[in-house]
Amino acid sequence: TTQKPINDGLESIAQLSNIQNPRNGMRAYVKSYHAGQNKGGGTFVYDNSKASINDLGTVINGWVRQNIKTVTVWDFGYKSDDEAKSRAALIACFTSKYPTELLAETLDKHGGLIEVVIDGFNKVIYGKGSKSSILSHVKIVAKNGSFYFKGFKNNDNGKNYGVIISNYNDVFVSDYECEICYDAVLLWYANSTESRALVENCIARKAYRIGFTADIDSRNVRFVNCKTYDS
């Protein structure tokens, strides 16, 4: 890749990765993660100390994404017509330590249930509203941290699709919907008597329970304006 297309803007992350012998501190703008998709691009700066790191989105073989406030699945290579790339992008995005933003788009299901485990750190996931920020066939298991989930929806058939939170410090779940699932929001096992959880304005359609807790310190778990119903 010559300097001119780097200055003009690269078409894809693949082009960025193909730059031979980038110099430390080199800057490049990428128009789109996948060429023509117009999503997931951004400015990257090369850091040779991270040349062996590739998390698919924030650091790609030494190329470090700049000005990150939130990340989306598109930043990690989500591609609706490619099952392998989509599954990898979902897992990489949700297990990133940056806040994850779900845009107002339905993420297609690929090959059955995708289980994403968020373990040992704090995580924020929020959408544009439960009517528009939809995940299909995704089960989020969050544990050993503090979690903030707001304004999105899981929508598909099967058991245990939703948000499962265990061994938590602090939890806030709001304006979340889950259809036809076994556990919409399931909480158990506070990490200490100081742990707190609040679940509000959440809906589970055709679910056995929302907010069920086996937490021995369940007085520190509050459910406000939550409901389950058949429809």
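## A tour by selection

Start with lysine 131: at 61% relative accessibility it counts as exposed (exposed is over 50% relative accessible area, buried under 20%, partly exposed in between, with a 1.4 Å probe and protein chains only). The model is predicted, so local features need pLDDT of at least 70 and side-chain atom pairs pLDDT 80 or more, while totals for chains, interfaces and linings use all residues. Residues are numbered from 1 along each chain as its sequence is written, and side-chain values use heavy atoms, without hydrogens and water.

**Salt bridges**

Lysine 131 forms a salt bridge with glutamate 177, with the closest N and O atoms 3.6 Å apart (a salt bridge is a side-chain nitrogen of Lys or Arg within 4 Å of a carboxyl oxygen of Asp or Glu). Lysine 131 sits in the loop between strand 8 and strand 9 and glutamate 177 in strand 15 (residues 177–179), so the pair ties together parts 46 residues apart in sequence. Helices (H or I, at least four residues) and strands (E, at least two) are DSSP runs, numbered from the N terminus. Glutamate 177 is buried, at 6%.

Next, select lysine 128 and glutamate 101. Their side chains meet in a salt bridge at 3.0 Å, N to O. Lysine 128 is in the loop between strand 8 and strand 9, glutamate 101 in strand 5, 27 residues apart. Lysine 128 is exposed at 54%; glutamate 101 is buried at 14%. The count of salt bridges comes to 11.

**Helix 3**

Select residues 83–94. Helix 3 has 12 residues and reaches 17 Å from first C-alpha to last, close to the 16 Å expected (1.5 Å times one less than the number of residues). Its buried residues are Ser86, Ala89, Leu90, Ala92, Cys93 and Phe94. They pack against several strands, including strand 7 (114–119) and strand 10 (138–143) (contact means heavy atoms within 4.5 Å).

**Last stop**

Select asparagine 220, in the loop between strand 18 (203–205) and strand 19 (221–224). Asparagine 220 is buried, at 12%. Leaving aside neighbours within four places in sequence, asparagine 220 is in contact with Thr193, Ser195, Arg196 and Ala197.
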